[in-house]
Amino acid sequence: MTDEQTEPTITVCDRRVASVPDCCGVYRFFSDTEVLLYVGKSVSMESRIREHLRSGRIPSRKQRMMRQVARIDCTPTVGEMAALLTENHAIKMEVPLYNRRQRVRRTLLTIELQPDGEGFLQPLATDFIARGERSRDCFGLYHNKRHVESTLRRLARDHGLCLLVLGLDKSRAPCFQFQIGRCDGACVGEESPEAHNQRLLSLLESEQILAWPFSGPVVIVENGVDINGKPACSYCLIDHWLFRGCYATAAAARRAAESGLTDTAPEDRNTNTAAYFDRDAYRLILQAMNRADCRIEHVEDNTPVAYPFARAS
């Protein structure tokens, strides 16, 4: 809050309203010069923003932020799925002053697995193109080749993998790890390619980035009830794991997919004009696709798409 006004102006998608909508959504705090100060989300924006205003009366770091707040803009969402994706995107792309900094790295390496002549999967460090198509499974995101190698060496040391088989040891069999009891013997025929491959895959599984399983972009549809200013439906546009924005109508999502751009209407301000792969968004998208209250549709004609992965237990 500023010295000139005790209460900030409230807007919904940049349109002035009397009060904060009591529904799920994403909110943004702006200064009197329209500097974005903070982005948050809540299942009840009215309650959460009231907490912010109340805590702003107590001397603290938060009070310093709240004294600068001149306008609060709210973007209602159907439910938590759209709010989570929108908040994550806004923090990283709009860079609010008071949110924890989250860099979007655009130059990264990843691990791809290719079989060698004997059937062992060998990890290769390859460029991860942030805006590229996900046509093959890959594992992890790394800053450089040294980061990739140190990760693989740690996994080998702790879980009996063979550095010779992994291509990280150029000596002859048996490898040095086997001689000191840290290799289960893939280099000397004591462990089969199938067993070694299975253990390697299980160790990398938590960092797996799945190949894009669809022929083109899709929308994740979340339905709700049109009450308290909350939209009745939302269409989150996803293309090769890139979040392209959350739209109020199927037609708006379709226009964005066809043009390669995003709709600039105020109700669709939470769109991504610079879509880069983001691991946090990727995990949120997988969770959303697995939710019973969401469905996946082809963006071109809104026909249903079957969930292509194993259901979470």
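## The model and its confidence

This is a predicted model, so local features need pLDDT of at least 70 and side-chain atom pairs count only at pLDDT 80 or more, while totals for chains, interfaces and linings use all residues. Residues are numbered from 1 along each chain as its sequence is written, and side-chain values use heavy atoms, with hydrogens and water left out.

The chain has a mean pLDDT of 88, pLDDT being the predictor's confidence in each residue, from 0 to 100. Of its residues, 89% reach 70 or more. Residues 262-273 are a stretch to treat separately: pLDDT is below 50 there, and the stretch has 41 contacts in the model beyond near neighbours in sequence. A contact here means heavy atoms within 4.5 Å.

## Helix α6

Helices (H or I, at least four residues) and strands (E, at least two) are DSSP runs, numbered from the N terminus. Helix α6 covers residues 193-204, which makes 12 residues. From first C-alpha to last it reaches 16 Å, close to the 16 Å expected at 1.5 Å a residue; that expected span is 1.5 Å times one less than the number of residues.

Which residues of α6 are buried? They are Pro 193, His 196, Asn 197, Arg 199, Leu 200 and Leu 204. Buried means under 20% relative accessible area, exposed means over 50%, and partly exposed is in between (1.4 Å probe, protein chains only).

Turn to the face of α6 that points away from the buried side, and you find the exposed residues Glu 194 and Gln 198. The buried residues, for their part, pack against strands β6 (107-115), β7 (121-129), β8 (138-142) and β9 (208-209), plus helix α4 (145-159).

## Cysteines

How many disulfides does the whole structure hold? The search finds 0, taking a disulfide as a pair of cysteine sulfur atoms within 2.5 Å. Cys 175 is in no disulfide, and its nearest cysteine sulfur, that of Cys 187, is 3.7 Å away. Cys 175 is buried, at 0% relative accessibility. Cys 138 also counts as buried, at 5%.

## Salt bridges

There are 18 salt bridges in the structure, each one a side-chain nitrogen of Lys or Arg within 4 Å of a carboxyl oxygen of Asp or Glu. Four residues, Asp 14, Glu 34, Arg 71 and Asp 73, are linked in a network of them.

Some pairs sit within a helix. Glu 51 bridges to Arg 48, with the closest N and O atoms 3.0 Å apart. Both belong to helix α1 (residues 45-55), and being 3 residues apart they are separated by about one helical turn. Glu 51 is partly exposed at 38%, and so is Arg 48, at 25%.

Helix α4 has a pair of its own: Arg 153 and Glu 149 lie 4 residues apart, about one turn of the helix. Their side chains meet in a salt bridge at 2.9 Å, N to O. Arg 153 is partly exposed at 32%, as is Glu 149 at 34%. Asp 158 and Arg 157 form another bridge, with closest N and O atoms 3.1 Å apart. Asp 158 is partly exposed, with a relative accessible area of 44%, and Arg 157 is partly exposed at 40%.
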